[in-house]
Amino acid sequence: MSESLSVWHLVANASVVVQIVMALLLAAAFIAWIIIFQRMQVLRVARRHLVEFEERFWSGMDLNRLYRDLQQEPPEFGIETIFMAGFRDFTRLRQQTQDPEHVMDGVQRSMRVAVRRETDFLDNHLVFLATVGSTSPYVGLFGTVWGIMHAFMGLAAVRQVDINTVAPGIAEALIATAIGLFAAIPAVIFYNRLTNKVDKLVTQYETFTEEFSSILYRQLHRSPSSNHTAKTNSEAVVQGS
């Protein structure tokens, strides 16, 4: 009896449909754990890049030098890509037009696109975790229902039914539900945790774009042409007085 109720024996003797359900759930759980570890590593690196970049950015370092340093080793992802997108368009548009509003519109548009691209990268594969977390219990329940149906149909040919006859069929059916929960619970927990981390990073990215836009806007109004105009106007006022 104990041997017939061992997990491996029950899985090996389950119906084909239940075995397929178990295999699908185990594969989903395995892939989910791979995604969990991979996304945690990506978010850890993105967080470290954010801290290191903000230390350099707010240290008073020349933005042109910072941009040149990043060009030597272009980052694959992170806040640096947002900075590079904004500063690249700022330099290009400032050479094409003297209209500050036009320049800033282009810069902010580029940084919004960069933030959206980073958000999509950080959210990559998280939908799979949500899908596993929401559907695995139902898939496991389907395997359980099918297994119980198969067990009761087998009992139709038995004249005398006792617990020893019923227990193996029901036990093997319930294993499918157990595997479904084994796949779903970690997927839901880490989906919520990783989504929260992504939201915090994206919020910091958006905050940086606003602060960086303000810095570039002030820099536009401190351009040589503006300073020359202000100096000429002040001299005219002095002469008039």
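**Figure 1. Overview of the predicted model.** Of the 241 residues of the protein, 38% count as buried, where buried means under 20% relative accessible area, exposed means over 50%, and partly exposed lies in between, with a 1.4 Å probe and protein chains only. This is a predicted model, in which local features need pLDDT of at least 70 and side-chain atom pairs count only at pLDDT 80 or more, while totals for chains, interfaces and linings use all residues. Residues are numbered from 1 along each chain as its sequence is written, and side-chain values use heavy atoms, with hydrogens and water left out. The protein contains eight helices and zero strands, and along the sequence the pattern reads α-α-α-α-α-α-α-α; helices (H or I, at least four residues) and strands (E, at least two) are DSSP runs, numbered from the N terminus. Among the contacts in the protein with a separation of 6 or more, 80% are made by residues 24 or more positions apart, a contact being heavy atoms within 4.5 Å. The protein exposes about 14600 Å², of which carbon and sulfur atoms supply 60%, as given by the Shrake-Rupley method with a 1.4 Å probe.

**Figure 2. The largest pocket and its lining.** The largest pocket has a volume of about 210 Å³, and its lining consists of Met-40, Leu-43, Arg-44, Arg-47, Arg-193, Lys-197, Lys-200, Leu-201 and Gln-204. The elements that give two or more residues to this lining are α2 (16-57) and α7 (163-220), and the largest share, five residues, comes from α7. By residue class, the lining divides into three nonpolar, one polar and five charged residues; Ala, Val, Leu, Ile, Met, Phe, Trp, Tyr, Cys and Pro count as nonpolar, Asp, Glu, Lys and Arg as charged, and the others, Gly among them, as polar. On a 1 Å grid over the protein atoms alone, a pocket is an open set of points with protein on both sides within 12 Å along at least five of seven lines, and lining residues have an atom within 4 Å of a point. Grid points are joined across faces, edges and corners, and a volume is the space filled by probe spheres set on the points.

Figure 3. A search of the whole structure finds 16 aromatic pairs, in which rings of Phe, Tyr and Trp (its six-membered ring) have centres within 6.5 Å, with planes under 30 degrees apart counted as stacked, over 60 as edge-to-face and the rest as tilted. Phe-53 and Phe-57 form a stacked pair, 5.8 Å centre to centre with 25 degrees between the planes. Both residues lie in helix α2, four residues apart, about one turn of the helix, and both Phe-53 and Phe-57 are buried. Tyr-67 and Phe-87 form a tilted pair, 5.3 Å centre to centre with 45 degrees between the planes. This second pair links distant parts of the chain, with Tyr-67 in helix α3 (residues 63-72) and Phe-87 in helix α4 (residues 79-96), 20 residues apart. Tyr-67 counts as buried because its relative accessibility is 12%, and Phe-87 counts as buried because its relative accessibility is 4%. One aromatic cluster is formed by Phe-53, Phe-57, Trp-58, Tyr-67, Phe-83, Phe-87, Phe-90, Phe-208 and Phe-212.

**Figure 4. The surroundings of Thr-144.** Thr-144 is found in helix α6 (residues 126-155) and is buried, with a relative accessible area of 5%. Leaving aside neighbours within four places in sequence, Thr-144 is in contact with Ala-173, Leu-174, Ala-176 and Thr-177.

How values were computed: On a 1 Å grid over the protein atoms alone, a cavity is a set of points where a 1.4 Å probe fits but cannot get out, and a pocket is an open set with protein on both sides within 12 Å along at least five of seven lines; lining residues have an atom within 4 Å of a point.
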